[in-house]
Amino acid sequence: MAADRQSDADLRRHVLAMLERHWDADRGFCEPNPAMYPHLWLWDSCFHAVVWAHLGDGRAARELAAVLDGQLPGGLVPHMQYGGTRPDTWLGPLQTTSSLAQPPMFGHAVKVLLARGIAPPARTIARAERGLAWLWSKRRTELDLLYVVHPWEAGNDHSPRWDGWGAPGRTRADYDRAARTAWNKDRMADVSFHDDGAAGWSSTFVACPAGFNAYVAFNLAELAVALDNPVLTERAGRIAAAMDEHLWDAEQNLWSDLALVGGGPRVTTPISDGIMGALVTKDAARADAALLQLELTDRFGAPFGPTNVARSDPSYEPRMYWRGAAWPHLNYLLWLALRRWRRLDEAAALARRTREAAVRSGWAEYWDPETGQGLGAIPQSWTGLVVAMTTDR
Ligand code: GLC
């Protein structure tokens with residue numbers, strides 16, 4: 001059924017049914033997709049909590065609590081908590097969770113839940129504050145930028161921005177997803193760990209990604225509003241200012257990444273993560289210069305876009321995992337950024353396109369921005385974010 005012919009009520013029923021099929025009632029979270037992703041992932045579950053909240057369902061608080069209950073003694077919130085079996089990849093020395101970070105969307109989730117009258121447990125809110133404090137104290141450079149020690153921590157596993165680290169498959173002709181995943185797996189051997197198991201550093205891969213920095217600053221700012229906490233506001237502002245000072249790329253009109261260990265010139269590849277600074281910058285001209293590219297057809301504009309890599313970039317591959325395909329959770333974040341800067345018509349257009357593609361793709365994990373064809377896991381829980389973008393405003 002075409003998205004514009006499906007009523008809001010039908011859409012909400014559809015998303016509720018999908019989340020219920022993916023819900024693990026014993027452990028209190030949705031698997032992103034039971035066949036392909038049978039574990040808890042940090043940012044996925046935070047997005048699920050947002051969707052539950054928009055559906056007016058108390059499982060929002062349960063799922064957010066599940067994410068933060070995995071917190072390590074020192075404060076890191078792990079990027080994965082294992083389901084029934086361990087994953088096929090070594091993700092650090094811990095038995096039941098990974099040792100890696102992931103974009104800490106729990107600050108935003110706390111704010112959305114409270115705004116929608118769903119109170120997370122007090123311990124969950126305290127853990128969210130500690131999780132952000134851990135990143136601030138353990139993962140911050142002298143420049144006030146935050147770093148990741150593995151591509152999986154940034155969320156965008158196979159991004160062309162990681163190509164400069166010597167990852168295999170740097171052109172369309174030689175890109176091979178299995179080889180690239182194997183390279184990521186090998187990078188775990190270069191990671192060193194704190195006493196509690198949290199990843200601390202890597203001998204080969206350390207980067208300050210524009211996306212990750214924007215996400216941390218955004219979540220600090222969101223939690224600051226929710227808790228009326230000026231310390232969090234100040235930290236968010238410092239990261240945003242450091243991004244503007246050290247990551248802004250006036251040639252691309254995007255925020256680029258900074259390589260600390262390894263890396264190379266690909267850190268300026270035009271990817272839509274480089275627009276995420278618009279979530280937090282105070283610089284209206286830069287926010288505008290980045291955001292307007294979402295609709296430019298030689299940049300990120302596409303019929304079912306935005307694309308994740310600029311269409312005119314040689315690495316753009318619309319059907320490939322993190323190398324050009326459109327991602328619904330990124331659309332949600334870009335939609336928030338557009339709304340922050342009052343670009344309301346563009347935000348509404350993005351929401352409509354996302355809804356159309358979600359339906360057309362079968363609620364896919366990601367899709368071809370040229371055709372809307374579903375790719376990856378189908379259906380994927382986070383695609384339910386369409387409910388937040390289109391049904392109750
Ligand atoms: C993939 C994505 C990651 C996501 C996970 C579960 O690994 O790259 O961002 O959290 O799948 O959906």
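This is a predicted model: local features need pLDDT of at least 70, side-chain atom pairs count only at pLDDT 80 or more; totals for chains, interfaces and linings use all residues.

Q: Which part of Gly155 lies 2.9 Å from an oxygen atom of the ligand, backbone or side chain?
A: The backbone: one of its N or O atoms is at that distance. Asp157 uses its side chain instead, where an N or O atom is 2.9 Å from a ligand oxygen.

Q: How much of the accessible area of the ligand does the protein cover?
A: On its own, the ligand has 310 Å² of accessible area, and the protein covers 96% of that. The ligand sits in the largest pocket.

Q: Which residues surround the ligand?
A: Among them are Pro32, Tyr37, Trp41, Trp43, Gln102, Tyr321 and Trp382. The shell divides into 7 nonpolar, 3 polar and 2 charged residues.

Q: Why is Gln102 called buried?
A: Its relative accessible area is 6%. Buried means under 20%, so Gln102 qualifies.

Q: Where in the chain is Gln102 found?
A: Gln102 is in the loop between strand S4 (80-81) and helix H4 (106-115).

Q: Which backbone nitrogen does the side chain of Gln102 reach at 3.3 Å?
A: That of Leu42. A polar atom of the Gln102 side chain also lies 3.0 Å from the backbone nitrogen of Trp43.

Methods:
Residues are numbered from 1 along each chain as its sequence is written. Side-chain values use heavy atoms; hydrogens and water are left out. A residue is near a molecule or strand if one of its heavy atoms lies within 4 Å of it. A polar contact is a pair of N or O atoms within 3.5 Å; within protein, one must be able to donate a hydrogen and the other to accept it, and residues adjacent in sequence count only if both atoms are side-chain atoms. Accessible areas come from the Shrake-Rupley method with a 1.4 Å probe; for residues, only the protein chains shown count as cover. On a 1 Å grid over the protein atoms alone, a cavity is a set of points where a 1.4 Å probe fits but cannot get out, and a pocket is an open set with protein on both sides within 12 Å along at least five of seven lines; lining residues have an atom within 4 Å of a point. A molecule sits in a cavity or pocket if more than half of its atoms lie within 2 Å of its grid points. Ala, Val, Leu, Ile, Met, Phe, Trp, Tyr, Cys and Pro count as nonpolar, Asp, Glu, Lys and Arg as charged, and the others, Gly among them, as polar. Helices (H or I, at least four residues) and strands (E, at least two) are DSSP runs, numbered from the N terminus. Buried means under 20% relative accessible area, exposed over 50%, partly exposed in between (1.4 Å probe, protein chains only).
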